[in-house]
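Please have the 3D view open as you read.

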Amino acid sequence: MCCNVLIQILWLTFISNNKDEWTVLIVLFLQLWISICVFRFRARIRLLTNELDRISNMLHVYTIQKNKMLKIFIWVYCLFVTSVTVFLAVTVFNSEMVAQQQHKLRNSKIVAADLKDHAVAILNGSFIFTTLVGNFFSGILPGYYCFVCCYMKEIFLHFVWKSKVLIARLDYRRILEIYKEMNETMIKMDDFLSLPILVSVVNILAGLFYYGYSFAFSPNVNNVTGIIVSIGFLQYFVLLLITLTPAAAVNQAAARARELVLSLPGWIPKRYSIIKALICRSFMGKTSLTLWKIYQIDNSLLISAIGTLISYGILVGTLGSVQSSNIEK
């Protein structure tokens with residue numbers, strides 16, 4: 001991945017200077033950062049999954065049927081990412097876009113004539129490797145985040161249902177104990193994933209911008225390029241959905257669980273003072289999944305992100321058209 005970033009920098013410095021290729025460089029930088037985060041936090045990722053399994057066992061959340069459905073969902077997602085990645089790698093390598101890049105390289109005066117064949121081979125390898133590895137790392141973190149959020153949402157919703165049974169038994173200590181475990185796990189998750197998820201969302205938006213701009217404003221879009229752009233745009237749009245929508249659902253489920261805990265003294269009036277003291281001591285703060293502790297993830301964030309992307313796309317496309325017309329004059 002570092003080699004691909006270096007090759008792209010050299011390409012933009014000496015061979016080409018197109019605006020859409022600068023977007024590719026930004027995406028490569030973001031994908032490199034995401035891969036470093038995944039490697040750095042691999043121990044915490046495993047620990048988070050183990051903690052969710054432990055809380056799930058406390059609540060008896062997942063039955064055998066639900067576990068099978070979750071596994072099928074994971075396999076379908078892995079198959080989707082793998083299929084799209086391989087398809088894009090093969091299609092990009094045989095597209096006119098790569099042929100144009102090869103033509104630029106062969107006609108470049110910077111590369112020596114006896115080294116041009118080797119340079120073209122390195123360029124082809126970079127295209128394939130960037131597509132394979134880049135799409136893999138673009139999909140791995142949103143996929144993990146989606147599955148963890150779905151898991152956590154089911155835990156919160158099951159907790160709300162289970163608490164009603166425990167309230168009937170006046171077992172408020174068990175309710176607060178389970179909620180404390182859930183709350184601490186969610187805080188830990190947001191502590192180490194909020195920044196990587198922010199970078200992943202920016203990476204997804206950059207990918208959407210690149211494919212959308214290429215489709216809307218690129219002058220030479222043939223059938224093969226149109227397929228590449230459409231599949232790439234669809235892939236990044238799915239990644240955006242599975243990143244923001246489950247996280248927003250978790251925040252909604254966590255809000256329901258918090259409302260139940262805060263109303264617990266009213267359900268058990270004989271222990272009103274004790275329960276109120278325990279809640280005020282440990283659970284008055286609001287917990288939610290965020291983007292780098294700055295923005296709470298909700299459903300409106302998806303609409304805002306898409307609207308901002310369209311606005312900047314139109315702005316950049318309009319500026320490019322104005323510059324082109326000025327050059328022609």
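How many helices and strands does the chain have? There are eleven helices and two strands in this predicted model.

| Property of the chain | Value |
|---|---|
| Residues counted as buried, of 329 residues | 45% |
| Contacts between residues 24 or more positions apart, of those with a separation of 6 or more | 81% |

Now turn to helix H3, which covers residues 42–59. Its 18 residues reach 26 Å from the first C-alpha to the last, close to the expected 26 Å. Buried residues in H3 include Ile45, Leu48, Leu52, Ile55 and Leu59, with Glu51 and Ser56 also among them. Viewed down the axis of H3, the buried residues fall within an arc of 155°, so they line one face of the helix. In general, an α-helix has 3.6 residues a turn, so residues three or four places apart point the same way. Arg46 and Asn57 are exposed, on the face of H3 turned away from its buried side. Just after H3 comes His60, with a positive phi of about 55°.

Finally, look at Gln235 in helix H8 (residues 223–262). Is Gln235 buried or exposed? Gln235 counts as buried because its relative accessibility is 2%, and the cut-off for buried is under 20%. Beyond its neighbours within four places in sequence, Gln235 is in contact with Phe80, Val84, Thr85, Leu88 and Asn135.

Methods
Residues are numbered from 1 along each chain as its sequence is written. This is a predicted model: local features need pLDDT of at least 70, side-chain atom pairs count only at pLDDT 80 or more; totals for chains, interfaces and linings use all residues. Side-chain values use heavy atoms; hydrogens and water are left out. Helices (H or I, at least four residues) and strands (E, at least two) are DSSP runs, numbered from the N terminus. Buried means under 20% relative accessible area, exposed over 50%, partly exposed in between (1.4 Å probe, protein chains only). Contact means heavy atoms within 4.5 Å. The expected span of a helix is 1.5 Å times one less than its number of residues. The arc is that of the directions from the helix axis to the C-beta atoms.
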